[in-house]
Amino acid sequence: MDGLILMLIAAICSVVLLNMSANYGTLAVKIYEETYAQKLAQNTLLSLYHITDQDTSSSFYRKSIMVAVSQELANGNTDLQQQGNAAGTLIQGVLDDYASALGRNFLFALTDQAVMVDQSIISTNDAVTNAASFKANAGSSYCASAALTYPYSGDCVLGGPAGEMCYVIFEICTWLD
Amino acid sequence: MMKRKGQGSFLEGDIPSIIMITVSIGFFLSSVYLANNDFQSKKANIDREAALVEAASTFLKENAKIKGEDLQQTSEYWADKLEKITRTYGVNIYVELKCVDTRPLAASVCSHTYTYGDPPADITDTLSKRFPIALVGDTDLDVYPALIKVSVYRGEAE
């Protein structure tokens, strides 16, 4: 009977040990994956500040994409989805390039009171055209946000005043299908 | 059935006990061995994931902007940064930087791939991640969308 008891103890210990080793690191890897997705969104956001328009015929030639967005806001225009909008076209081009290379979806949006402004949304996913469809389609997304200043012209079209300028918060989100 | 006087169960006695004890110890030792192997491989995987995320953070700290030539192995700046990660996690790091701009005007800049470190051998277990970065071209006013691919591996390089 001593042998049977020992077998039973050995079996229980082995199951516990194998179970522990099977679960070891699962949480850590999940956290690292989430950190990676978060940094991916942050890197994309920072890239938009740096990437310049290389079209020699454009009024934003060699200027940052975010300068183009700032200019649109200074003109009182928040509709970046509008056909032919220079800032919207530039952002769409860069996000499409990143999306096809990384196999992820990207979204750019200006926000008002922490809510995405529908007509400012630029997305690499055809099904996402406004805040509601983003919520419905994006699932688990990772976002990064930053402030953008633009010249003051009467009332701020979005955001609020910051000294002699206005500021608006914009977001970049990324998610997998 | 009634046992005859003096006859025990087949589980009783020295020989069955010795067999069961030996089997128990063998079973337990083999599960310790398996669990240890599992722990080691997962620990190595976590180290590589950590090295990857730290490498991503390194490029993010530099405002996600980089000049291609600066990444080359001769660059002390990146060599110092990436060698620190290599030492901390005991891994090898290989970095590829390539522009992803599909606009025709970017074609000349996008034809080149910049690298750092030695590429891993095909058989090496490698973990790779890619993330966006801005690539500075001929002047500070020529900046293109690019991807940086960081590969982390142990063992032999190519």
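I began with a term: two strands pair if DSSP finds at least two bridges between them. I also noted that helices (H or I, at least four residues) and strands (E, at least two) are DSSP runs, numbered from the N terminus.

**Ground rules**

I am reading a predicted model, where local features need pLDDT of at least 70, side-chain atom pairs count only at pLDDT 80 or more, and totals for chains, interfaces and linings use all residues. Residues are numbered from 1 along each chain as its sequence is written, chains are lettered from A and ligands numbered from 1 in the order in which they are written, and side-chain values use heavy atoms, with hydrogens and water left out.

**Confidence**

I looked up pLDDT, the predictor's confidence in each residue, from 0 to 100. Chain B averages 82, and 85% of its residues score at least 70. For the model, I wrote down ipTM 0.83 and pTM 0.82.

**Strand 5 of chain B**

I turned to strand 5 of chain B and its partners. Strand 2 (residues 92–99) of chain B pairs with strand 5 of chain B in the antiparallel sense, over eight bridges. I found that E96(B) has K149(B), in strand 5 of chain B, as its bridge partner.

Strand 4 (residues 126–136) of chain B also runs antiparallel to strand 5 of chain B, with eleven bridges joining them. There F131(B) has I148(B) as its bridge partner. A hairpin through six residues joins strand 4 to strand 5 of chain B.

Is strand 5 of chain B mostly buried or exposed? I counted ten of its eleven residues as buried. Buried means under 20% relative accessible area, exposed over 50%, and partly exposed in between (1.4 Å probe, protein chains only).

**Disulfides**

I searched the whole structure and found two disulfides over all chains (pairs of cysteine sulfur atoms within 2.5 Å).

C143(A) and C173(A) form one, with sulfur atoms 2.0 Å apart. C143(A) lies in strand 4 (residues 142–151) of chain A and C173(A) in strand 6 (residues 165–175) of chain A, so the pair ties together parts 30 residues apart in sequence. The torsion about the S-S bond of C143(A) and C173(A) is about 110 degrees, so this disulfide is right-handed. C143(A) is partly exposed at 26% relative accessibility, while C173(A) is buried at 0%.

C156(A) and C166(A) form a disulfide too, S to S 2.0 Å. Why is it left-handed? The torsion about the S-S bond of C156(A) and C166(A) is about -80 degrees. C166(A) is buried, at 0% relative accessibility. I logged the pattern in chain A as 1-4, 2-3, with bonded cysteines counted along the chain.

**Where the chains meet**

Contact means heavy atoms within 4.5 Å. I found 45 residues of chain B and 44 residues of chain A in the contact. The buried area between the chains is about 4,100 Å², with carbon and sulfur atoms giving 68%. Such area is the accessible area (1.4 Å probe) that two parts lose on being put together, summed over both.

I listed two salt bridges between chain B and chain A. In one, K129(B) joins E33(A), the closest N and O atoms being 3.1 Å apart. The cut-off is a side-chain nitrogen of Lys or Arg within 4 Å of a carboxyl oxygen of Asp or Glu.
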